[in-house]
Structures are given as structure tokens and as C-alpha cells.
Amino acid sequence: MLRRPFLSALLAAFAAVPLTLLVGLVAAPPARPAAATPVRVMPLGDSITGSPGCWRSVLWNRLQSTGHTNIDFVGTLGPQGCGQPYDGDNEGHGGYLVTNVANQNLLPGWLAATRPDIVLMHFGTNDVWSNIPPATILAAYSKLVDQMRASNPAMRVIVAKIIPMAPSSCAECGQRAVALNAAIDGWAAGKTTAASPIVVVDQWTGFSTTTDTYDGVHPNAAGDQKMSDRWYPALVAALGGTTPTVSPTASPTPTASPTASPTPTVSPTGGPTGSPTVDPPTTSPPAGVACTASYRITNQWQGGHQGEVTVRSTGAARTTGWRVTFTQPAGQQITQTWNAELTQTGSAVTARNVNWNGALAPAAEATFGFLGTHTGTATAPTATCTAS
């Protein structure tokens, strides 16, 4: 007779228990581990890093194939081809000087937008070209590292000794690169910390401007492979939280110092290429050959710009060469060129074809590019073309 009151009380007690608790007691799902956050890697530099900087695609794919898949290359710039799928985000700004990036405080905005954990920095080639002293370049390095650490106190920084330089328009650049590279080890040793280590990667030793670049400055496919091979062990160590010694302490000694301008092995339609010396065209163009030239500014930033000139064959006969002349507007100066042999006398500029882009069939075009400095705003002058 006591069972009914007891059963009623038991049912009432269960009714008071929240449904969610009862479900949890019956079938609690297994806990799932949280996915690891990808390590964010910023490639930082100039055109060697970003225009198109295909060593990044080689490096990315090697990392993927060796199991280092939980990474995210970051930057405010996107990929520029390279012929294979890869994470192409980067901070490689063509024509930029590391000293200008530091002086203009450009890096903090890039860091805030991308929040990297590791920075791969190959920066200073344009500074060397501009004859900026190594001490000034290293002071810019220090400012950038300070800004990186303000963004992330545990930032891991991998800094390159820059690849060799042998541009046809700067005979002194090769030795200037040696002088900068010789000072990087000491700078890094004084700037590194336990919380934010700096590792130096020697991209200079064993890199040939003759076989590993197409213009004495920018890497070709062989150069991209060499750069990737040098970055890889240092980056893998950083991903694992270790700090390897990957750079020799001795000052770099050139293994190849070409005395002549390198001859390109390919003829791309855009981007820097070699600039070997060619004979000037005859003063009286042959009958049936003619050309026009159009000058345009393709990009500009504070104090600097990039431009290109398109040469078009407009005659009925094939050209064997061309010469473009123009007068630079006040305050403008060209500092670097590719796909042409260029001379400047005051504001007067003459650009001649190199040995592989002078022969143009009727209606065919050739393009040469350049970097320059300016005051105010860069403007395009009128260019005149003479064919031979």
C-alpha cells in the first residue's frame, strides 16, 4: 500500500530535473579538440620578395609537401602568378627602400592588418642601389624590428643577407651589397632577444648573378630555388620554436663578379631584365622603319614612382633597333631601369634597346620599365622614338 505514494514522489522528483541535465546524463557527446591556429608568416621586402617573388611559391609548396601545413603566409599584397598554386599573400613592395619604409612608418599598418608571428625579411637592395650607407640601412632594420615587437612581443624575425647585385647601371652595387651583408651578423647579435630572436639567413653565398638572375639583380627560376632552399631550414626551425645558426659569421666574399652585364636567358614581357650595351642606331633610319613611344606612370608613392615606356613599330619594315628620348619634368629622376640601356644628362634621358628587344616586326611592341624619384607628383613627359 506504500508503493503508490513512493512512486508518485519519485516521478515528481524527476519532473523537477531540467531536461538538458537529463539529456546530458544519458548521452554527453565527446569533447572535440580545438583546431590549432595557423602560424602567420609575413614575407617582407621589395621586388625580390613581391614582383613576383616566386621563391615564395617554391617555399610554400615545399613546406606543404613536408607536413608543415598549418601556416598562413600573410601580407596586404596578393600573389602574382608563378605557375603553381600557393598562398601568395606578402609584403614585397617593388621599388621600396627599407629606409623609406622605416622613415615613413609604413610597417605598423601592415602589421596591424596581418598580425604575423614570423617575418621573413629580404630588404635593402634599393637602398644599396641608392648608395645609402650600411649603418643607415641597419638603423632602419632596428626600427622595423622594434615595430614588429610592438605588434607581437614574441615575434620571430628571419633576416637575409641580400642576394648579390651586378646591374649594368651600377658598377659599385656589388661591393655595396658585400658591405651591407658584412654588417648584418653583428647587428643581429646585438638586437636579438630570448623572447624575440633574430636569425640571419645567408642568401648571398653561392648565389651567382650570372646564372641565378635574369638581370644581375632579380632571381630567375634557379635563383628562386636557391632562395627557397636557404629560407626553408630557418623557417622550419622557427615553426618548431628553435633558433638555429644558419649564417656564417665571416664576411661574404664574392664567388662570381661578372665584369660585363649579364645576358638574359628569357625575354619576359614585363619586369626587370638585363641591360647589355648595344651599338647606337645609325643617324639616318633606313627607309620603311618607324616607331612611336608612349610613357606612363604605373605606380607612385611618397617621393617615388614606377613607370614604363611602350615602343611600337609603325613602319612597313622590321626594325633592328630603337632609341627613345624624353625630358624629365622638374624634380623627377630615374634611379633604376630594365629592358633598356638608359643614360641621363641633366633632365634629358635617352633609352636604347637591349640586344634582344630591338628587332620589331611591323606593329610589334617592346616595353621597358623604370623606377624614379620625384617631388610633388610624378608626371609623364612626351617621349619620341627613332627606329633603325
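**Note on backbone and burial in a predicted model**

1. At 52% relative accessibility, Arg115 counts as exposed, where exposed means over 50% relative accessible area, buried under 20% and partly exposed in between, computed with a 1.4 Å probe on protein chains only. Arg115 sits in the loop between α6 and β4 (118–122). Its phi is near 50 degrees, a positive value in a residue other than glycine.

2. On the source: this is a predicted model, in which local features need pLDDT of at least 70 and side-chain atom pairs count only at pLDDT 80 or more, while totals for chains, interfaces and linings use all residues. Residues are numbered from 1 along each chain as its sequence is written, and side-chain values use heavy atoms, with hydrogens and water left out.

3. Asn105 also has a positive phi, of about 55 degrees, although Asn105 is not a glycine. Asn105 is found in the loop between α5 (98–103) and α6 (107–114). Helices (H or I, at least four residues) and strands (E, at least two) are DSSP runs, numbered from the N terminus. With 41% relative accessibility, Asn105 counts as partly exposed.

4. Ser51 and Pro52 are joined by a cis peptide bond, with omega about 0 degrees. Pro52 belongs to the loop between α3 (47–50) and α4 (55–65).

5. Is Ser313 buried or exposed? Ser313 counts as buried, at 2% relative accessibility. Ser313 is part of strand β8 (residues 304–313). Neighbours within four places in sequence aside, Ser313 is in contact (heavy atoms within 4.5 Å) with Ala290, Cys291, Thr319, Leu360, Ala361, Pro362, Ala363 and Ala364.
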